[in-house]
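Please look over the sequence and the model below before reading on. The briefing that follows takes up a metal site, a helix and the nonpolar packing.

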Amino acid sequence: MNGSQQLFIPLQLTPGAEGVYLRSLCGADELALENTGIINLIHLLESLMSIGTSDNKINAAQIVTADRDRLMAMLYISLYGSKVESTLNCRSCNQKFDLDFSLDELLKHYQPPPVPVFDNGTYEIESGISFRLPTGEDELQISGYTTEDAEKLLLERCLLEGNPAADSAKVQLKMAELAPLLNMEMEAVCPECSHSQNVQFDMQSFLLTKLKQERPVLIREIHSIASQYHWSQKEILDLPRSLRKQYAALIQPEN
Ligand SMILES: [Zn+2]
């Protein structure tokens, strides 16, 4: 199918790759999203990364988590633009209000500092304490554990030299400094009652949730394209998302 574009997204923290190429998102990817968990996320990314055989040097699970956050932010921007809009329920007066911000600004603010990375992705805090940054492989290994156990296991996996019990705080602090995640608490002030509240924003689940919520639109688009052109479901699901939307937009005014 035509209309397919490759998106190159640079990686700053992942050893062995300067970036990854993604193919266009299509309906089959959107339809395959069942939840916003790590398995679905890696699966989606692996699928978007499977283009030419030699284009990507790494697989999706090998991408450092903090890099993957930025990758998902760039993917979001390519699909929706930089503006993030969400509606919140005020915890004090229970009125709905909007929280808007720019992902471009967020990315600028949470840029990892320019630190030289050794070729193998090892960071040394001091003599005898070294670590690597968590990747999707680590997250897949710890999924299903309680938050506390998962944190402990993750640290044990990433600590290359040192004592997990004694050095964990130091290592976690350094990791957060070198590779800030786009998973944060934001302050939102209700315009009705001026109550200030913290809101959790997680880039990866935000994007997957948004895509999942669009399923009724996707089904409507498949339906109208199928009714008009009589293409098979597979052909329609393989259309790049933007092209599918363009076809659907031509059909809808007529009905
Ligand atoms: Zn309020």
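Contact here means that heavy atoms lie within 4.5 Å. This is a predicted model, in which local features need pLDDT of at least 70 and side-chain atom pairs count only at pLDDT 80 or more, while totals for chains, interfaces and linings use all residues. Residues are numbered from 1 along each chain as its sequence is written, and side-chain values use heavy atoms, with hydrogens and water left out.

**Helix α2**

- The buried residues of α2 pack against β2 (19–22), α1 (27–32), α3 (65–80), α5 (136–142) and α8 (203–213); helices (H or I, at least four residues) and strands (E, at least two) are DSSP runs numbered from the N terminus.
- Those buried residues are Ile38, Asn40, Leu41, Ile42, Leu44, Leu45, Leu48 and Met49, where buried means under 20% relative accessible area, exposed over 50% and partly exposed in between (1.4 Å probe, protein chains only).
- The twelve residues of α2 (residues 38–49) should span 16 Å, and the end C-alpha atoms are 16 Å apart, which agrees; the expected span is 1.5 Å times one less than the number of residues.

**Nonpolar cores**

- A nonpolar core is a set of buried Ala, Val, Leu, Ile, Met, Phe, Trp, Tyr and Cys residues joined through side-chain atoms within 4.5 Å.
- The largest such core has 37 residues, of which Leu22, Leu71, Met72, Leu103, Phe201 and Met203 touch the most other members.
- Two or more residues of this core come from each of β2, α2, α3, α4 (103–109), β8 and α8, and α2 gives the largest share, seven residues.
- Apart from neighbours within four places in sequence, Leu103 is in contact with Ala73, Tyr76, Ile77, Ser82, Val84, Phe201 and Met203.
- A second, separate core of 14 residues has Leu13, Val64, Ala66 and Met175 among its members.

**Zinc site**

- The zinc ion is coordinated at 2.3 to 2.4 Å by the SG atoms of Cys90, Cys93, Cys190 and Cys193; donors are N, O and S atoms within 2.8 Å of the metal (3.2 Å for Na, K and Ca), and because water is not among the atoms, sites may look incomplete.
- The four donor atoms subtend angles of 107 to 112°, so the arrangement is tetrahedral, a term that requires all angles of four donors to lie between 85 and 135 degrees.
- Along the chain, the donors follow the spacing C-x2-C-x96-C-x2-C.
- Cys93 lies in the loop between β3 (83–89) and β4 (96–102), and Cys193 in the loop between β8 (183–189) and β9 (196–202), so the pair ties together parts that are 100 residues apart in sequence.
- Cys90 is buried, with a relative accessible area of 2%, whereas Cys93 is partly exposed at 29% and Cys193 is partly exposed at 31%.

Definitions and conventions
Four donors count as tetrahedral if all angles lie between 85 and 135 degrees; four count as square planar and six as octahedral if opposite donors are over 155 degrees apart and all others between 65 and 115; anything else is irregular.
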